[in-house]
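Please have the viewer ready, and we will take the contacts in turn.

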Amino acid sequence: PAIEVDTSISGQRVIRVLERAIELRGKPEVIVTDNGPEFTCIALDAWARSRGIHLHWIEPGKPVQNAYVESFKGRFRDACLNQHHFLGLDDARALIEDWRQDYNRIRPHTSLDGQTPEDFLLALAGRMRPARAKPHRQLNLFEEPQTSPGLSLPLDRQRGQGHEKPVTLAWPRRPPEGSVRSPAMTECRS
């Protein structure tokens, strides 16, 4: 739940941001990234291995393999970065944090049936039955779930339960073992 703002980001900095995110949201099984040097450094690979997290790099030139992130980056670029002239890093950090708060807490999203992401998560958490909720369990993005987390109906059958149209999620498929080579590892800048 952060957007890290700087002129460049090292692998060590990525690790610090991921540690903060894990404290708040729990440990993921897989982290999907592009092939930027901050994601392909030896330190990040060692960190992920030591925590049992699989790093999955998309194929070079195939941003569609990380479509949700690419979609968000395009939205972020259009709605925030292209709308402001930043006077410096402190100004950029303040404006971008304001935008992030607005995006998550104030602005309704049509993909969430007019709710903010925060309201959507609160509503979803309120519908979860405690017996089904498991602490620190993250969804495995490479397996299509039979039902949405905490709900008793598959997502594509929720018509008539507050949704105007069926809701479906697209889950990326895990590539066959050995089909995607990891990028060349590089030393991280500190």
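What follows is a short tour of salt bridges, ending with a backbone angle.

First, some ground rules. This is a predicted model, in which local features need pLDDT of at least 70 and side-chain atom pairs count only at pLDDT 80 or more, while totals for chains, interfaces and linings use all residues. Residues are numbered from 1 along each chain as its sequence is written, and side-chain values use heavy atoms, with hydrogens and water left out.

How many salt bridges does the structure hold? There are 11, where a salt bridge means a side-chain nitrogen of Lys or Arg within 4 Å of a carboxyl oxygen of Asp or Glu.

Start with Glu 4, whose side chain meets that of Arg 20 in a salt bridge with an N to O distance of 3.4 Å. Helices here are DSSP runs (H or I, at least four residues), numbered from the N terminus. Glu 4 is partly exposed, with a relative accessible area of 30%, and Arg 20 is also partly exposed, at 41%. As for the cut-offs, buried means under 20% relative accessible area, exposed means over 50%, and partly exposed lies in between (1.4 Å probe, protein chains only).

Next, look at Asp 6 and Arg 93, a salt bridge whose closest N and O atoms are 3.7 Å apart. Here too the pair links distant parts of the chain, with Asp 6 in the segment before H1 and Arg 93 in helix H4 (residues 89-106), 87 residues apart. Asp 6 is partly exposed at 29% relative accessible area, and Arg 93 is partly exposed at 32%.

Now turn to helix H2 (residues 42-50), where Asp 45 and Arg 49 are four residues apart and therefore separated by about one helical turn. Their side chains meet in a salt bridge at 3.0 Å, N to O. Elsewhere, salt bridges that share partners join Glu 4, Asp 6, Arg 13, Arg 20, Asp 90 and Arg 93 into one network.

Finally, visit the loop between H4 and helix H5 (117-127), where Asp 113 lies. Its phi is near 60 degrees, a positive value in a residue other than glycine. Most residues other than glycine have a negative phi. Asp 113 is partly exposed, with a relative accessible area of 40%.

How values were computed: Helices (H or I, at least four residues) and strands (E, at least two) are DSSP runs, numbered from the N terminus.
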